[in-house]
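Subject: Structure handover

Hello,

Here is the structure for you to look over. My notes on what I found follow below it.

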Amino acid sequence: MTSPELTFSTADPSSLDAEVIVIGARRGEDGPELVAHASYAGVAGHLSALGVTGAPDQLVRAVDPTGRAGAVAIVGLGGTVDADALRVAGGSAIRQLAGTSRVAFAIPADRAGILALAEGAALGSYAFTAFRQASLSPAKEPVAHIEILTDDAPTDAERARILAVERAVTLVRDLVNTPPADLSPVEFADRARQVADQGGLTAIVWSEDELVEQGFGGIIGVGKGSTRPPRLVKVSYSPDGATQHLALVGKGITFDSGGLSLKPAASMQSMKSDMTGAAVVLAVIAAAAEIGVPLRMTAWMCLAENMPSGSAMRPDDVLRIRGGRTVEVTNTDAEGRLVLADGLVAAGEEHPDAIIDVATLTGAQVVALGHSYSAVMGDDAIVEQVLSAAKTAGEPFWPMPLPDDLLRRLDSDVADLKNATPGDTAAGMLLAGVFLREFIGRTEDGSTTIPWAHLDIAGTAMHSGKPRGHSGSGATGVAVRTLLALAEAHRAE
């Protein structure tokens with residue numbers, strides 16, 4: 001999909017070339033209050049009559065009283081007008097104005113607010129139409145031209161960052177929304193190589209035979225039930241002068257049937273999204289390279305399709321993970337942690353300064369936090385960095401503990417540990433995190449384990465409810481903005 005044209009204007013609204021001009025309204029104690037350029041002050045007295053409440057995601061169209069555009073659209077900002085509210089409002093307005101070619105915003109805000117408004121608007125222009133034909137309507141084409149009125153126009157670098165974020169989130173959305181028949185592990189690997197080539201990055205792809213030869217037993221074990229072989233992809237970004245190294249590891253199950261521990265039919269819906277973590281780490285490293293983040297980064301994509309067949313791994317099988325540790329498989333539907341174990345070990349072999357893994361890992365995450373909050377767990381210091389970056393990006397994350405005593409539940413009679421505890425669902429999200437922690441390597445001097453955080457985005461990777469903000473139905477691209485903000489927070493020493 002083509003990115004929208006994004007421009008900023010310091011001129012009077014009379015010069016804006018737009019079909020619709022968007023202004024804002026917030027919820028005040030005594031009713032809706034107008035948030036708009038002074039030339040639209042006359043609209044304030046008509047908000048209640050128009051049904052405007054100022055609630056987030058509300059969009060009310062009316063004839064533009066100034067005659068500058070065909071229509072004015074009043075978007076709800078909620079009770080507090082800050083960067084987060086403006087990001088949501090920008091995305092909501094552009095999403096709901098699909099079918100309009102040119103849209104302009106005349107909502108006053110400080111510099112941070114304008115940047116957030118622009119980012120949200122760019123993200124709201126997304127539409128996935130690759131598999132539509134008879135139902136493809138020109139009336140629903142995404143907004144192609146977005147102009148934002150401001151007295152303090154962003155720099156070229158700030159504008160470039162907004163578009164890099166939009167492209168990164170779009171990459172994730174496109175990959176996740178693609179039907180699984182059209183995105184096998186091999187096809188995903190090819191796409192990753194293409195993204196790397198376009199961004200001047202280095203990509204290495206492990207074939208099935210190479211995975212076997214080099215001891216990636218988790219990825220091989222999960223992938224052997226499918227006729228479409230697994231892959232491991234490493235994409236590297238090494239800018240001049242960078243002294244810090246961040247490794248990102250993404251779960252890339254291109255479709256998850258549950259394997260022989262077959263999911264119920266309803267639970268199999270949307271399992272094309274089980275590769276979101278891999279898509280996220282690919283998009284983040286591509287965006288970081290595009291905007292020149294001064295940080296060495298490595299993205300590992302652990303790709304497999306979890307299918308039931310005569311060659312599929314069985315409950316009671318024992319897999320040998322990269323590095324030699326053995327895992328008894330007690331549930332083939334707890335496969336994500338098996339492929340991630342391989343990826344975490346491989347990432348740790350390079351002794352990065354930190355490792356972060358991203359995965360749609362557990363249904364327990366959805367039970368605990370629902371569909372608005374993602375979970376983060378791991379070492380306290382890096383968890384705090386993730387939370388700080390998430391706040392900057394406007395993506396809700398919530399910290400979760402990793403109690404040491406949970407590890408005893410993973411004791412195996414035949415292997416070093418087992419991958420799950422069927423029949424005992426207590427603390428399932430935390431148990432998965434404790435399992436992953438066992439595969440974090442040590443620092444180069446061997447003094448301690450590498451700082452690590454685990455992001456479980458099972459409930460937030462896809463949006464199937466009522467559209468909100470810049471998210472319609474389908475993939476959200478969650479965690480891209482958080483991880484990019486975290487990478488930007490690091491500076492070359």
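Start with Asp316, which lies in the loop between β11 (296–306) and β12 (318–320). Helices (H or I, at least four residues) and strands (E, at least two) are DSSP runs, numbered from the N terminus. Asp316 is exposed, at a relative accessible area of 60%. For accessibility, buried means under 20% relative accessible area, exposed over 50%, and partly exposed in between (1.4 Å probe, protein chains only). Asp316 is not a glycine, yet its phi is positive, near 90°.

A word on the source: this is a predicted model, so local features need pLDDT of at least 70 and side-chain atom pairs count only at pLDDT 80 or more, while totals for chains, interfaces and linings use all residues. Residues are numbered from 1 along each chain as its sequence is written, and side-chain values use heavy atoms, with hydrogens and water left out.

Asp57 also has a positive phi without being a glycine, at about 75°. Asp57 sits in the loop between β3 (31–35) and β4 (59–62). Its relative accessible area is 23%, so Asp57 is partly exposed.

Next, a buried lysine. Lys263 belongs to the loop between β10 (245–256) and α7 (265–268). Lys263 counts as buried because its relative accessibility is 15%. Its side chain makes a polar contact with the side chain of Asp256, at 3.5 Å. A polar contact is a pair of N or O atoms within 3.5 Å; within protein, one must be able to donate a hydrogen and the other to accept it, and residues adjacent in sequence count only if both atoms are side-chain atoms. Beyond four places in sequence, Lys263 is in contact (heavy atoms within 4.5 Å) with Asp256, Ser257, Gly258, Met268, Met271 and Asp333.

Now the helix pairs. Axes are lines fitted to C-alpha atoms, for helices over the stretch in contact, and angles run from 0 to 180 degrees between N-to-C directions.

α1 (residues 83–96) packs on α2 (residues 111–124) at about 30°, with the axes 7 Å apart. The two are therefore roughly parallel. The cut-offs: under 35 degrees is roughly parallel, over 145 roughly antiparallel, 65 to 115 roughly perpendicular, and the rest oblique. α1 crosses α2 in a right-handed sense. A crossing is right-handed if the near helix is turned clockwise from the far one by less than a right angle, and left-handed if anticlockwise. On the α1 side, the contact includes Leu86, Gly90, Gly91 and Ile94; on the α2 side, Gly113, Ala116, Leu117 and Gly120 are among the residues. The tally is seven nonpolar, five polar and three charged. Here Ala, Val, Leu, Ile, Met, Phe, Trp, Tyr, Cys and Pro count as nonpolar, Asp, Glu, Lys and Arg as charged, and the others, Gly among them, as polar.

α2 also packs on α3 (residues 156–177), at about 35° and with the axes 9 Å apart. That crossing is right-handed. The contact includes Arg111 and Glu119 of α2, and Glu158, Arg161 and Arg173 of α3. It divides into seven nonpolar, no polar and six charged residues.

α8 (residues 276–291) and α13 (residues 480–489) cross at roughly 45°, their axes coming within 9 Å. They are therefore oblique. Nine residues of this contact are nonpolar, none polar and one charged.

Last, α12 (residues 428–437) is mostly covered, with nine of its ten residues buried. Among them are Met429, Leu431, Val434 and Phe435.

Best wishes
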